[in-house]
Amino acid sequence: MNRRIVLIDQTLLPGTLTTIEIDTVDELIDAIKRLAVRGAPALGVAGALGVALAATNGSDVPKEAEKLRKARPTAVNLAWGVDRVLAKGSPEEMVAEAVHVLEDDIRRNADLGRRGAQWLIDRVGPRVNVHTHCNAGALACVEWGTALGVVRALKERDALGHVYLDETRPLLQGARLTAWELAQMGVEHTVVVDSAGPTVVARRLADAVVVGADRIAANGDVVNKIGTYPLALAAARAGIPFVVAAPESTIDPHTPDGESVEIEIRDAAEILHPDSPGASKALNYAFDVTPADLVTAIVTDERIINGKPLD
Ligand code: MRU
């Protein structure tokens, strides 16, 4: 039976909403590397579907799975999704498991979104202004979103104030993707440059910072899009909650702390101006580490964590 993966090409948003069709694992790896599909939970589902695709194509499944696992190093969900499907015996079971991972993502994110919204209402009050970073919305998952899932659930409860979001350089996941999603949701929002995020927090324009995560270490350190750490510092100084919304699959029991996580370093061309002198170098860290002591709460599909996830 011919099977293919269909996904939204996130590189073309917000201008163009179109899908791409993936027939091979190599095509999927290319889509992952150029961020056509991105965001930790979406990478988990892509990894799961990719292994199922390899199995139905009659490819060397363990070899293809290994290539997929390495397509991007930081979000643990990718390897998690690959391993979930790899553990199954037959191509039929692998496809069924991949579909299960996909469907489960929707339910889990809706659960964590509602749990996070309730936590914020209890802590902040009946109207919550939120600051967020990058894109942790439906695009980064299958539907619903994690940090934006909390925003969605606040709106559902009529408890959402204003949303501030960082543009998220260099690839503008905030200004392009989160702004697009918030507009679709009919949510009032304001985009700021990344370096203004801590000022928005310091001025108490937001009541809480809510972000997603690519990997949460056993000690509670949080790895997320570069620019998250300064927001956590600002939130601590301002005395407002810094909340991480992520499914349990983002918690990595095998990673003791944030320092042990491989931080993806992307191409210099993403940040150097084409006319930059050839002598200029670039260090394009894609993620940073927020130490556990700056995290007020981690909200997952199963619990609220105030401290170490593995205690
Ligand atoms: O490089 P990206 O766009 O894949 O980075 C995504 C993020 O950092 C998100 O905040 C994270 O994956 C959580 S998505 C629910």
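Colleague: How do β14 and β15 pair, and over how many bridges?
Modeller: Strand β14 (residues 297–299) and β15 are antiparallel partners, joined over two bridges. Pairing here requires at least two DSSP bridges between the strands, and the elements are DSSP runs numbered from the N terminus: helices are H or I of at least four residues, strands E of at least two. This is a predicted model, in which local features need pLDDT of at least 70 and side-chain atom pairs pLDDT 80 or more, while totals for chains, interfaces and linings use all residues. Residues are numbered from 1 along each chain as its sequence is written.

Colleague: Which residue of β15 stands opposite V299?
Modeller: That residue is I304.

Colleague: What is the strand order of the sheet?
Modeller: The open sheet has seven strands in the order β5-β4-β3-β6-β9-β14-β15, with mixed pairing. Its edge strands, β5 (189–192) and β15 (304–305), each pair on one side only.

Colleague: Turning to helix α6, why is it described as largely enclosed?
Modeller: Eight of the ten residues of α6 (147–156) are buried, so the rest of the structure largely encloses the helix. Buried means 20 or more other C-beta atoms within 10 Å of the residue's own, with C-beta atoms placed from the backbone. Among the buried residues are L148, V150, V151 and R152.

Colleague: What do they pack against?
Modeller: The buried residues of α6 pack against helices α5 (91–124) and α7 (173–185), and against strands β3 (128–132), β4 (160–166), β6 (208–211) and β9 (242–245). Contact means C-beta atoms, placed from the backbone, within 7 Å. Just after α6, D158 has a positive phi of about 60°.

Colleague: And α4, how many of its residues are buried?
Modeller: Ten of the eleven residues of α4 are buried, including W80 and R84. The cover includes α2, α3 (61–69), α5, β7 (215–217) and β10 (251–252).

Colleague: Which residues make the contact between α4 and α5?
Modeller: The axes of α4 (residues 76–86) and α5 come within 8 Å and cross at roughly 145°; these axes are lines fitted to C-alpha atoms over the stretch in contact, with angles from 0 to 180 degrees between N-to-C directions. G81, R84 and V85 of α4 meet M94, E97, A98 and V101 of α5.

Colleague: Finally, which residues are closest to the ligand?
Modeller: Of the 18 residues surrounding the ligand, the closest are R38, A136, A140, G212 and K225. A residue is counted if its C-beta atom, placed from the backbone, lies within 6 Å of the molecule. Helix α2 (40–56) and strand β8 (222–225) each give two or more residues to this shell.

Key: Buried ≥ 20, exposed ≤ 12 C-beta atoms within 10 Å, placed from the backbone. Contact = placed C-beta atoms within 7 Å.
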